[in-house]
Amino acid sequence: MFKKTIDWLDERFNIQPLFEFMSHKEVPVHKHSLWYYMGGVAMILFVVQAMTGMLLLLYYQPGVDSAYESIRFITTKVSFGWLFRSVHSWSANLMVFFVFVHMFSAFFTRTYAKPRELTWVTGAVLFLLAMVFGFSGYLLPWNELAFFATKVGTDIAGAVPIIGEPIKVLLRGGDSVTGATLSRFYAFHIALLPAIFTVMLFLHLLFVQRQGMHEPEFFKELPTEKKRMMPFFPNFILRDVLLWGVILNILLYLAVFFPWELGVKADAFAPAPEGIRPEWYFMFMFQSLKLLPAHFLIMEGEVFGILFFGIGGLVWFSVPFWDVYIKESIRPKVLKWFGIIVIIFILIMTAWGYLV
Amino acid sequence: MKRLIMSIFCIHLAIIFMAATALGQEKSRFDKNDQCVICHKDLEAMPENFEESDIHMQKGLSCAGCHGGDSTSDDEEVAKRKGSGFIGVPKGKAIIEMCGKCHSDIAFMRQYQPRIATDQVQQYAKSFHGQKLAKGDTKVATCASCHMAHSIFPAIDPRSTIYSLNIPETCHKCHSDEEYMKEYNIPTNQYDKYVKSVHGIALLEKQDTGAPACNDCHGNHGAMPPGISSIGHICGTCHVNNQAYFSKSKMAIEFEEADLHACEECHGNHEIQKTHDDMVGTGETSTCVECHDEGESAYETAEKIHTELIGLVTAFNSANVLLKKIERVGMDDLDMSYAVKDAKQRLLSARTLVHTFDADRVKVKTDEGLEFAKKALAFGKEELDELDFRRFGFGIATFFMTIVLVALYFKIKDMERDE
């Protein structure tokens, strides 16, 4: 039956060359092979996001008077609503986590280098989109913490010189966080972002498939007979599936034993509660901005912080285009320490944000 | 965050600016050519506590408005000459007359506030202070004792000595002074007791301006100790239902016959403490046993009421603890929380019904409350069962997933061995 279907399709679309290509695709086997799986994990979590998100859409109603109530309804009255909502929230966080891991593993193994610059760039866009996904989704339950965190977050965006204010108004749909903001974030979260994300993901995967898996320097230098390779189909894919199974089980465990809290409904007129904080993946930036003095050098501390992260992000994401200017003999060392400093900075600021 | 702090800072700055502007506007009505102020300032002889933002100053009523005299002359002799109406520093009855001159005249006062009360002097005359003053006792409080003489603000102004949060301190100045109050033979520990009371804590510690200060029970201009017949009404102005139940109870008649002070007998006066369920019943902390002995029907009633209340409290607490657990584990707490709220409402009603001294009426409410508490516990149990089911389901799913994943693992190993 399967063969008949393939033949039917082949007769019409000539898909045999695609199978040929796939059957010859191989994945290098070495001490860093584990990192090859991280992208796949992030991808399967995106699939989980899309599926649970679609189910949540059946009941979710954006609006100041209905968002919180509809999520409460989903988690309390809808069959398995509690599961889909918790899985959606946990999966979002795990996805961002694995995107971070995937990005840093790609950085340290220098997979971004020529000819994979565009794979890195599409990955960078996916990383940023994942962050925006998180930011927009955080407000949708319209609870107190999310409301004030969005207020603070959009205020920070508003501090960007020149373009900040229009961006803030665009994000909020007005001067302050209101139902209009919720509607916008909803539209971003369920339409705009998924569309751009899917296109970017397709390009990212296309580049990976077209160029094959990256081989680290030490692996490239091995004689051909010593290079261990694994067929992409079915070996690597089956290993991927195995890991996905483990991740999905962890996701289920988290959803059942640590259901995602709904919190208290947002009240625009209530005083800001204590402990307002963004999602953990924004914490390092949030904490850094908090620590900056009111004035730094010739500008406001906040503006300095935003410029610092803006330029820092640009430097980080354009690494394939400037690392070639570093002397080849010291390049790996310089980049390794650059990456380590970035990780230490993120970890310290995040821990500081939660502990202080 | 910094932006938020900056915004708050800016808002405060704006408020301070606006307030300063407003004050500036108020002050602008003060005549800067007033010779009384000019000379007394030069001589550093301004009265103690003089405030330029005093309400009279704001309205353009300067020194001469109360003390008389000619404020346009810089010559003291001319300013205070006979015929200028100069009265100097008024004392005792003169203060009442001086203030009353304007404050009892609605035709004059309505230009400032159309609905302002003008019966203060009339009330004062009926007060304990006023009666004593009429008999020649100049130690008693007059207008300036409470309102001050030169820093008078409206009662809603937090700077005012008669602002609700400041009233206990204002009364305390005289009433806690043992030496000063000696000849009146009344206690001087009211303030010390009040600050420890449920009302004092609410007003002074929690800054709840809705809590009663001295004047809410004793009155202000017509201040008097509340009498036996009026004390229930005084408490009843806030504790409406308690007073309504009590006044219709047989105890109200018995209290009146025995010259007992309604609410005060059980709850005290200045040192009223937060009530608790053991105040009723036959235990050591019960107020019922102060009058009733074992064998009396009232003693049994007290015991019954206490049993009913404690039964509902126990059931309510169990339901509440379970509700917290249900919330913690992320289960559906909606129906349960409504049932717990209903049980709490019945408990509050039952506690209020204690003032009927009717065990049957209390029981009706506690039975209703028990029903809601039971319902809440049943909802809670359902949710816990559902939680167990979810965890069991997770266990089953994990079991099958593990089998599949282990099989897959061996399949991969097998496949790679063949290669």
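Helix H3(A) passes helix H11(A) in a right-handed crossing. In this predicted model, H3(A) also crosses H9(A), and that crossing is left-handed. Chain A is in contact with chain B as well: 34 residues of chain A meet 25 residues of chain B. Salt bridges over all chains number 26.

**H3 and H11 in chain A**

- H3(A) and H11(A), which spans residues 232-257, have axes that come within 10 Å. The axes cross at roughly 50°.
- That angle makes H3(A) oblique to H11(A).
- On the H3(A) side, the contact residues are Gly40(A), Val41(A), Met43(A), Ile44(A), Leu45(A) and Val48(A).
- On the H11(A) side, they are Leu243(A), Trp244(A), Ile247(A), Leu248(A) and Leu251(A).
- The residues of this contact between H3(A) and H11(A) divide into 10 nonpolar, one polar and no charged.

**H3 and H9 in chain A**

- H3(A) covers residues 38-57, and H9(A) covers residues 179-211. Their axes come within 12 Å and cross at roughly 150°.
- Angles over 145 degrees count as roughly antiparallel, so H3(A) is roughly antiparallel to H9(A).
- H3(A) brings Met43(A), Phe46(A) and Leu57(A) to this contact.
- H9(A) meets them with Tyr186(A), Ile190(A), Phe197(A), Thr198(A), Leu201(A) and Leu205(A).
- Eight residues of the contact between H3(A) and H9(A) are nonpolar, one is polar and none is charged.

- The size of an interface is often given as the accessible area lost when the parts come together.
- Between chain B and chain A, the buried area is about 2700 Å². Carbon and sulfur atoms give 64% of that area.
- The rule finds four salt bridges across the interface of chain B and chain A.
- Lys77(A) forms a salt bridge with Asp332(B). The closest N and O atoms of this pair are 3.2 Å apart.

- Lys3(A) and Asp7(A) meet through their side chains in a salt bridge, with an N to O distance of 3.1 Å.
- Both residues lie in helix H1 of chain A, which runs over residues 2-13.
- Lys3(A) and Asp7(A) are four residues apart in this helix, so about one helical turn separates them.

Definitions and conventions:
Residues numbered from 1 in each chain as written. Chains lettered and ligands numbered in written order. Predicted model: local features only at pLDDT ≥ 70, side-chain atom pairs only at ≥ 80, totals over all residues. Heavy atoms only, no water. Axes fitted to C-alpha atoms, helices over the stretch in contact; angles between N-to-C directions. Helix = DSSP H or I, 4+ residues; strand = E, 2+ residues; numbered from the N terminus. Parallel < 35°, antiparallel > 145°, perpendicular 65-115°, else oblique. Left-handed = near helix turned anticlockwise from the far one by under 90°. Contact = heavy atoms within 4.5 Å. Nonpolar A, V, L, I, M, F, W, Y, C, P; charged D, E, K, R; others polar. Buried area = accessible area lost by both parts, 1.4 Å probe.
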